[in-house]
Amino acid sequence: MPELPEVEALAHDLAKRLDGRAIVRVDIANFSCLKTYDPPISALSGAMIDGVSRRGKFLDFDVSGTHLVLHLALAGWIRWKDEVPKLPATPNSKSPLAARIVLDNGSGLDITEAGTRKSLALYVVRDPGEVEGIARLGPDPLSAGFTIEVLKEILERSGRAQIKGVLRMQSNIAGIGNAYSDEILHAARMSPFKPANSLTDFELETLYATIRDELGAALARADGLAASQLKGEKKSNMRVHGREGEECPVCGDVVRSVSFADRSLQYCATCQTGGKPLADRRLSKFLK
């Protein structure tokens, strides 16, 4: 799933490509992705694209005051096409195409979703705040308003909830997902199962600085890259996420994994849990 750095870079890349362009039409190839009906998708036809911005992990296309809001979910992506087919895209259960935006110069965007779990979401609204997921977003971790005091309040409010889940919850902090929460906790040398309200002042300061540093560095690496380059850039710079069985680049211990219903987390026992492996959640127990 694209997270804050990739979505921000996507917004920058698309804003440059779409500046001054008008939408000819939007084809919906997978009707389950369209979550709204008023305004209709046809309201975008003939309108100018005035900007593209990020809201948490959502992309917001300002189309002459109407907003096309996109959440790429777990397996969604945007592919730029210098030339799109002239005939409208039609529903095809075997195709990854969810929607196609056709522009006035013949170019366009293919919005795709891999796999069978169709959770990509597209909204057409008058105000982005009408999208429930945007309305409940927490503070942006790279904004001036995200202070150490704000983080402390979030952690204390979360009680003994595991800090991994607290970081990923979008109503707590906007934009951090499964991958960067793994990377942040590894860099902060903190167990993903640590209770959120148990941090010392030093640990709080470390976590706050690490959140800003990790996301800021990832954003700097992604800035200026085309959409086609972002996935590879993200994967190549992960230290523990997605690297189960490999060596931790910090200490040389093996990177371990804990599986959940639909995803997993990765961590280093030496760096994060005092050398104690965390038992897989599927075993209904773990070592603290």
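Helices (H or I, at least four residues) and strands (E, at least two) are taken here as DSSP runs, numbered from the N terminus. With that numbering, Pro-39 falls in the loop that runs between strand E1 (23–28) and strand E2 (49–55). The structure is a predicted model, and its chain holds eight helices and 10 strands. The radius of gyration of the chain is 20 Å, close to the 19 Å that the globule rule gives for 288 residues, so the chain is as compact as a globular protein of that length.

**The chain as a whole**

- Taken along the principal axes, the box filled by the C-alpha atoms of the chain is roughly 60 × 40 × 35 Å.
- Of the 288 residues of the chain, 51% count as buried.
- When contacts between residues at least 6 apart in sequence are considered, 65% of them join residues that are at least 24 apart.

**Helix H6 and its contact with H3**

- Helix H3 (residues 148–157) packs with helix H6 (residues 201–222) at an angle of about 115°, and the two axes are 10 Å apart.
- Because angles of 65 to 115 degrees count as roughly perpendicular, H3 and H6 are described as roughly perpendicular to each other, and their crossing is right-handed.
- On the H3 side the contact involves Ile-148, Leu-151, Lys-152 and Leu-155, which meet Leu-204, Glu-205, Leu-207, Tyr-208 and Ile-211 of H6.
- Sorted by class, the residues in this contact of H3 with H6 are seven nonpolar, no polar and two charged.

**Helix H6 and its contact with H1**

- Helix H1 (residues 4–18) also packs with H6, here at an angle of about 35° and with the axes 8 Å apart, and the crossing of H1 and H6 is right-handed.
- The residues that make this contact are Leu-4, Pro-5, Glu-8 and Ala-9 from H1, together with Leu-215, Ala-218, Leu-219 and Ala-222 from H6.
- In the contact of H1 with H6, seven residues are nonpolar, none is polar and one is charged.

**Helix H6 and its contact with H5**

- Helix H5 (residues 178–187) packs with H6 at an angle of about 130°, with a distance of 9 Å between their axes.
- H5 and H6 are therefore oblique to each other, and H5 passes H6 in a right-handed crossing.
- From H5, the residues Tyr-180, Glu-183, Ile-184, Leu-185 and Ala-187 meet Leu-207, Thr-210, Ile-211, Glu-214, Leu-215 and Ala-218 in H6.
- The contact of H5 with H6 is made up of eight nonpolar residues, one polar residue and two charged residues.
- Leu-207 and Ile-211 of H6 are listed for the contact with H3 and again for the contact with H5, while Leu-215 and Ala-218 of H6 are listed for the contact with H1 and again for the contact with H5.

**Backbone features in the loops**

- A cis peptide bond, with omega of about 5°, joins Asp-38 to Pro-39.
- Ser-64, although it is not a glycine, has a positive phi of about 50°, and its place is in the loop between strand E3 (58–63) and strand E4 (66–71).
- With a relative accessibility of 44%, Ser-64 counts as partly exposed.
- Ala-73, which is likewise not a glycine, has a positive phi of about 55°, and it lies in the loop between E4 and strand E5 (76–81).
- Ala-73 counts as buried, with a relative accessibility of 5%.

- Val-166 lies in helix H4 (residues 163–168), and at 3% relative accessibility Val-166 counts as buried.
- Once its neighbours within four places in sequence are left aside, Val-166 is in contact with Ile-154, Leu-155, Ser-158, Ala-161, Asn-172 and Ala-196.
- Pro-195 has its place in the loop between H5 and H6, and Pro-195 is buried, with a relative accessible area of 17%.
- Not counting residues up to four places away in sequence, Pro-195 touches Gly-159, Arg-160 and Ala-161.
- The C-alpha atoms of Pro-195 and Thr-116, which are 79 residues apart along the chain, are separated by 34 Å.

Conventions
Residues numbered from 1 in each chain as written. Predicted model: local features only at pLDDT ≥ 70, side-chain atom pairs only at ≥ 80, totals over all residues. Heavy atoms only, no water. Axes fitted to C-alpha atoms, helices over the stretch in contact; angles between N-to-C directions. Parallel < 35°, antiparallel > 145°, perpendicular 65-115°, else oblique. Left-handed = near helix turned anticlockwise from the far one by under 90°. Contact = heavy atoms within 4.5 Å. Nonpolar A, V, L, I, M, F, W, Y, C, P; charged D, E, K, R; others polar. Rg over C-alpha atoms; globule rule 2.2 N^0.38 Å. Buried < 20%, exposed > 50% of the residue type's maximum accessible area, 1.4 Å probe, protein only.
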